[in-house]
Structures are given as C-alpha cells and as structure tokens.
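Here is a walk through one protein fold, written for someone who would rather look at the model than at a table. Keep the structure open while you read.

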Amino acid sequence: MNTPILKCVGLTKSYKSSLKVIDGLDLTFEGGKIVGLLGPNGCGKSTLMKLVCGILVPDSGEIYVCGEPRSELTNSYISYLPERTYFNEWMVVDQLIDYFKDFYSDFDSELAKNMMKDLGIDRSARLKTLSKGTKEKVQLIMVMARRAKLYLLDEPIAGVDPAARDYILKTIIGNYNPEATVVITTHLIHDIEPVLDDFAFMGYGGQIILSGVADEVRMKYKKTLDELFREVFRCS
C-alpha cells in the first residue's frame, strides 16, 4: 500500500478566543492527485495549510507528510502558495527567480521563465510596478516551478482575471510532479472542478463533511461538485 502524501490524525487548533477552528480532524490525501479542499470562509482551510507547513502549531493531533511526522525536513517536501502575496516589493522578477534557485534545490528556473513568457510577464519589472493579479501569477509560477511532493495552493485563482484562469489551471496540471499531490482551496469551485481528481468538503470546526473521488461522487449524486457544495452548505 502506498504511503499517503498527507495524513492528519486527530488534529485540533484553536485561537485565543478558545474557539476551535479545527477540531479532531482526520484526513488522508494520496499521491498523484489534484485535490480540492472546499468549504465556506472561516471553516479552517487556510489554518490547515499553515499547520501542515509548520507556520502554526496544532494544539493536539499528528501531521504526517510522505509518511514522516511534520518537521523541518518535511517542510522541504512542500511548496506553499499563501492566500496573500509576500514577496519584497523592491525585487525585480528575475531577482526573485535567482533567489528561489539559490534557496530551493528543487526549483526549475527555466520552467519558471517559460511560464513567465507564456503569461506575458516582464521579468525585468519590479514587483511593486505589477498589478495585484500579475503579482499573484508570479507567485503561483514560483510555487509550481518547484519539484515538490506536496503543493498547497490557497486560493490560487481568486485574484486573476477569468481569461488567465484556464492557463493557470493548465499550469497546475502540466507542471507538478505526477507522483506529488496538489491541494487547492478555493470558493471558485465551478472553475477548478474540471481539474480535480478528489475533493473534501470542510465544514465549520474543521470537520470533513464529504470527500471522495470527484467522478464517483458526481455519478452517485448526479450533481456537479459545485451543485453539491451549494446543497451541503446552503444553511451555513
């Protein structure tokens, strides 16, 4: 049996208010999949990603990445796209590529440059001169140009124009390690549904309400994931 890329057991996280954002979460994602982690705002999707990356520390529970307990070592397996851009505004795009090449041994700079060219991004431009949408495209390219084992993409298409979404989704499909797993959080379920292999609906309190293979669930319920999501969360 293959080792899951990501496994969470009894994971719990609360903030100062003592409200549990994630409460006893059990979750397993296999390798070679594009997975939609879908749920309403505030249900804990971003918190889960930060826990997996080690940005946040769980109150209790265990996280395993490629079968190993979460640690500084497992951080090297993960390529993480946060919900907000974080690059230094003074940097030139080419400087950013060089920085990633020096910092990450699995970063493919030629792939990054080719994707920049395809999206018409000027590599000689300073980040502060780029539009919000273009900055988000740059950040996604930097994340996807790594040969990681687990890609965590928090709202990767929320800030880009509809015309670029198809290219970005094709970029995600075409450039990740086929043995790796890509986890995407988004509220734009209709847009990403065609690329998903598996999905998990996360409700408030960080509980998984429904999960499975996307095609099998569509056949079982005779609904798209978007329609099913609206039905499951219509009272949320």
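Predicted model: local features only at pLDDT ≥ 70, side-chain atom pairs only at ≥ 80, totals over all residues.

Six strands make it up, in the order 6-7-8-3-9-10, and it is an open sheet with mixed pairing. Strand 6 (78–81) and strand 10 sit at the edges with a single partner strand each, so one side of each has no neighbour in the sheet. On average, neighbouring strands are turned by 15° against each other, direction ignored.

At the strand 6 end, four bridges hold strand 6 to strand 7 (residues 150–154), and the two run parallel. If you want a landmark there, look for Ile78, whose bridge partner in strand 7 is Leu150. Helix 1 (residues 45–53) packs on this sheet and touches strand 3, strand 6, strand 7, strand 8 and strand 9. The direction of helix 1 makes about 145° with that of strand 7.

## Strand 3 and its two partners

Now move along to strand 3 (residues 34–38). Five of its five residues are buried. Ile34, Gly36 and Leu38 point one way, while Val35 and Leu37 point the other way. That is the pattern to expect, because side chains in a regular strand alternate between the two faces of the sheet.

Strand 3 has strand 8 (residues 181–185) as a parallel partner, joined to it by four bridges, and Ile34 stands opposite Val182 there. Strand 9 is a parallel partner of strand 3 too, again with four bridges. In that pairing, Leu38 stands opposite Phe201.

Is strand 9 (residues 198–203) mostly covered or mostly open? Mostly covered: six of its six residues are buried. Asp198, Ala200 and Met202 point one way, and Phe199, Phe201 and Gly203 the other. Note that Asp198 is on the buried list along with the rest.

Strand 9 also pairs with strand 10 (residues 207–213), this time antiparallel and through six bridges. Met202 stands opposite Ile208 in that pairing. The hairpin of strand 9 and strand 10 has three residues between the strands, and Gly205 takes a positive phi near 90° in it.

## Helix 9 and what covers it

Helix 9 (residues 225–232) has Leu225, Asp226, Leu228 and Phe229 buried. Seen down the helix axis, the buried residues fall within an arc of 165°, so they line one face of helix 9.

Which elements cover that face? Among those over the buried residues of helix 9 are strand 3, helix 7 (189–192), strand 9, strand 10 and helix 8 (214–221).

## The nonpolar cores

The largest nonpolar core has 32 residues, and the members that touch the most others are Leu38, Tyr151, Leu153, Ile172 and Phe201. Helix 6 (residues 162–175) supplies the largest share of this core, four residues.

Leaving out residues up to four places away in sequence, Phe201 touches Leu38, Gln207, Ile208, Ile209, Leu210, Leu225, Leu228, Phe229, Val232 and Phe233. Leu38 is the residue opposite Phe201 in the pairing of strand 3 and strand 9, and Leu225, Leu228 and Phe229 are among the buried residues of helix 9. There is also a second, separate core of 28 residues, which includes Leu25, Leu27, Val35 and Leu48. Val35 comes from strand 3, where it points the other way from Leu38.

## Two loop residues with positive phi

Last stop: two residues other than glycine with positive phi. Glu155 has phi near 55° and belongs to the loop between strand 7 and helix 6. Lys222 also has phi near 55°, and its place is the loop between helix 8 and helix 9.

Which of them is buried, and which exposed? Glu155 has a relative accessible area of 11%, and the cut-off for buried is under 20%, so Glu155 counts as buried. Lys222 comes in at 71%, and exposed means over 50%, so Lys222 counts as exposed.

Key
Residues numbered from 1 in each chain as written. Heavy atoms only, no water. Buried < 20%, exposed > 50% of the residue type's maximum accessible area, 1.4 Å probe, protein only. Pairing = 2+ DSSP bridges. Axes fitted to C-alpha atoms, helices over the stretch in contact; angles between N-to-C directions. Contact = heavy atoms within 4.5 Å. Arc of directions from axis to C-beta. Core = buried A, V, L, I, M, F, W, Y, C linked by side-chain atoms within 4.5 Å.
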